[in-house]
Amino acid sequence: MKKYLLLAVALVLVGAILVGCASEPTSVLDKIQKAGKVSVGTSADYPPYEYLDDAGNKTGFDIELMAEIARRMGVELEWVDMPFDSLVAAVAGGKLDMSISCFNYDEERDKIVDFSEAYYTTEDAFVVSSAFAGTITAPEDAANYKVGVQSGTVQDGWLTDNLVATGLLPEANLSRYERVDQAALDLANGRIEVLMGDYVPIQALVAQNPDLRVVYNGVLSTGPINIVLPDGDTALKAEVDRIIKELQAEGFIDQLAVKYFSE
Amino acid sequence: MDFGQFLSYIGSGTVLTVGVTLIALPAGLLIGTLLALLYVYGGKVAARIMNLYSTVFRGIPPVVLLFILFFAVSKGINLSAFWAGSLSLGVVSSAYQMEIVRGAVLSVSGDQLMAARAVGLSRMQAIRNVVLPQAVRLAIPPWSNEAAIVIKDSSLVYALGVPEILRRAQLIGASSRQYLLAYLSAAVIYFLLVSLTTRLLNHLEHKLSIPSNP
């Protein structure tokens, strides 16, 4: 499945380049203001950044932040839910005006879309189950165990570049999951010994599973998170960046972080 | 949350699952039947083209075609995720349905076509009134298999963000962290849909069967 998605993204890239040559340089910002609404993609399956509440409505750190950004742009906010893998292609293909879904800056992604200024900075963490008897004092120690990670994430990239490519971690000992919580299930079942993930959702996971504990946390791969914007659209980027800086200066984003990340 | 709530949240995606199927399956049947007739009766060149069509679309994973149509081709035309998904699945299914119909048409003895021509029917009349009615009956069992596959393949439109059964199961699974329950609910709904469809088609097969030709 993952391979097919990669192939699809490659084909989309080719398509985007072909179509991109012909398109005229009008800003998506004009389109948003004319329509009076902004169409924003998210993958609402990544608590606490974006998920559904008990009533089935989207909620979370990114969701509330985007609602405030749209309010300050003076336009209505239209959410489009899509799996994480599809979001960048949808912005590149003009299907969405922007995407917010705990995106990290990534050189590959930057070739087909743009990134806003970072609106928050997160850390990575290693989590184990209570049965774990080993020790992890430095991130490289994880290479001595069976490791799980969400496929296609920056953590996957960090593990692949720093542990697998260097020969520290045999490829067979790295399990890639479509979703973090599937990996958490395997961690509880003992199929993997260490799970690497984004520190904030990992904390939420640990809070819900008393059997799990964090053994290491620090900035390895993740760092800043940004909004994904159409490629080369400077007017839209300027507007979004302006609002992000405004919200940071007012302390709005820190308040949101406390609300969603300190469960 | 209990199983009932999961079922009702995920179940409300059934409308979209059924909708996608009801577009993809008939679209595939229409295209597939026309192409199958061209394949069998259209001469060597047509047969070669149809063979290529069948090979290409059976060789591409449906989800890849879905991405191409939604993200690359429909950049200019404003095709919604629902329609892009349904039509892609219809095209993929048409290749399989073409093979089903072709097989069924070829199973009707060629002598019948000759006999029909001999009593004065035109070629078109003979195909429409003699060959096709028998072929339809022969095609029902493999076609009900294809129907079940299209119902299940409709879950692929989740990749474009259509909130059908699978995507809703993922969403409620993530928010409640009860994945097993969420996917079990989805499995139950898919199972009911497929078994209901298969039963219906079995019934149809019996109703239409030719007594002398069991």
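A residue is termed buried if 20 or more other C-beta atoms lie within 10 Å of its own. The views below show a predicted model.

**View 1. Strand 7 of chain A and its pairing with strand 10.** Strand 7, residues 120–129 of chain A, is mostly covered, with seven of its 10 residues buried. Four bridges join this strand in the antiparallel sense to strand 10 of chain A, which spans residues 194–198. Within strand 10 of chain A, A:Gly197 is the bridge partner of A:Ala125.

**View 2. The two domains of chain A.** The domain assignment divides chain A into domain 1 (25–121 + 225–261) and domain 2 (122–222). The centres of the two domains, taken over C-alpha atoms, are separated by 27 Å. Between them, 12 residues of domain 1 are in contact with nine residues of domain 2. On the domain 1 side, strand 5 (98–104) and strand 7 of chain A each supply at least two residues. That side comprises seven nonpolar, two polar and three charged residues.

**View 3. The side of chain B that touches chain A.** Here 21 residues of chain B are in contact with 28 residues of chain A. Helix 4 (62–72) and helix 8 (165–176) of chain B are the elements that give two or more residues to the chain B side. The largest share, six residues, comes from helix 4 of chain B. By class, the chain B side holds 16 nonpolar, three polar and two charged residues.

**View 4. Helix 4 of chain B.** This helix is largely enclosed by the rest of the structure, because 10 of its 11 residues are buried. Among them are B:Pro62, B:Leu66, B:Phe70 and B:Ala72.

Terms used. Residues are numbered from 1 along each chain as its sequence is written. Chains are lettered from A and ligands numbered from 1 in the order in which they are written. This is a predicted model: local features need pLDDT of at least 70, side-chain atom pairs count only at pLDDT 80 or more; totals for chains, interfaces and linings use all residues. Two residues are in contact if their C-beta atoms, placed from the backbone, lie within 7 Å. Ala, Val, Leu, Ile, Met, Phe, Trp, Tyr, Cys and Pro count as nonpolar, Asp, Glu, Lys and Arg as charged, and the others, Gly among them, as polar. A residue is buried if 20 or more other C-beta atoms lie within 10 Å of its own, exposed if 12 or fewer, and partly exposed in between; C-beta atoms are placed from the backbone. Two strands pair if DSSP finds at least two bridges between them. Domain bounds come from an automatic or database domain assignment.
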